[in-house]
Amino acid sequence: MSATPTAALGSPLLSLRRILLFTIFTLVLLPVQAVLVALSADRARDFPYWYHRQVCRILGIEVQRRGQQSEDAPTLYACNHVSYLDIPVLGRCIKGSFIAKAEIAHWPFFSWLAKLQRSVFVERRSSRTADHRDQIASRLEQDDNLILFPEGTSGDGNRVLPFKSALFSVAERRPHDQPLTVQPVSITYSHLDGLPLGRFLRPYFAWYGDMELPDHAWRALGLGRLTVIVEFHPPVTLKDFGSRKALAQHCEAMVSTGVMRALTGREPEDESRDERDDSLEDSEKNPDEDAGVVAR
């Protein structure tokens, strides 16, 4: 499927409200983060975490966390990739920086956000491999957590694409002469206004193929309250598997299991309930949001 469904869903007024609030909120805070990046690495790590929590509130996203997040610093988080909304969702769960494609450094507006979150931009050209390796090594030695999308692209949210073992080369680093902790993380877009999304509605939030970003975002942000399940799987190291390929296969299997579990409504075996995000609890409900996916 290469385009979003054509059915008329959602509220243009809600979409406009959310986009305006997001834009104003972000523009006001961009200078604050720029100063923090220049003055304090610790505060520059903490501020995006708070920022993404507020962005999830503005955009009507509720996050349900499962599993135990790694307490090791640094940790490499290996996550499936579904949408541009993955950024605020993961950013409000993890104090870390994203490993991103070099093209994003040249995107209007979003490049500013990525740079101020101290993202690591990587190119596919082999001539730049050494530069990227040194940059990543430096960040790990500073105990910076990094977030990786090993699929190399975004998928439709109904399944996990194969993890590319080459992208796990960062796991070969040994910050402070210790094996780097790698934690697989599943992200699943599960419910809209409390109802399961299903295969029909999930493309309204999954951004993949040749979908145009402005049109997709306008449609997605005009819908109701979105629930996203983020599951943290047991941390591992490259030493546990002996090769990047085996590590990639393990992480892919764990992430796929988490996505399928969330899609089918099953609970993790070691947990009786989810840790629910409080980002929406204190926000005032908007009549447009209550309209949800009702056609106008």
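The largest cavity in this predicted model is lined by Ala 44, Arg 45, Pro 48, Lys 95, Gly 96, Ser 97, Gln 117, Arg 118, Asp 144 and Asn 145. Helix H2, which spans residues 41-59, gives the most to this lining, with three residues. By class, the lining of the largest cavity comprises two nonpolar, four polar and four charged residues.

In total, the structure holds two cavities of 30 Å³ or more. The second largest cavity has Arg 18, Leu 59, Ile 61, Leu 85, Phe 205, Ala 220, Leu 221, Gly 224 and Leu 226 in its lining. Seven of the residues lining the second largest cavity are nonpolar, one is polar and one is charged. The volumes are set out below.

| Cavity | Volume |
|---|---|
| Largest cavity | about 50 Å³ |
| Second largest cavity | about 40 Å³ |

Arg 18, one of the residues lining the second largest cavity, is also among the buried residues of helix H1. Helix H1 runs over residues 12-39 and has 28 residues. From its first C-alpha to its last, H1 reaches 41 Å, close to the 40 Å expected at 1.5 Å a residue. Within H1, a kink of about 35° lies at Leu 29, shortly before the proline Pro 31.

Leu 29, where the kink lies, is itself buried. An α-helix has 3.6 residues a turn, so residues three or four places apart point the same way.

Terms used. Residues numbered from 1 in each chain as written. Predicted model: local features only at pLDDT ≥ 70, side-chain atom pairs only at ≥ 80, totals over all residues. Heavy atoms only, no water. 1 Å grid on protein atoms, 1.4 Å probe; cavity = no way out; pocket = protein on both sides within 12 Å on 5 of 7 lines; lining within 4 Å. Points joined across faces, edges and corners; volume = space filled by probe spheres on them. Helix = DSSP H or I, 4+ residues; strand = E, 2+ residues; numbered from the N terminus. Nonpolar A, V, L, I, M, F, W, Y, C, P; charged D, E, K, R; others polar. Expected span 1.5 Å × (residues − 1). Bend = angle between axes of the 7 residues up to and from the residue. Buried < 20%, exposed > 50% of the residue type's maximum accessible area, 1.4 Å probe, protein only.
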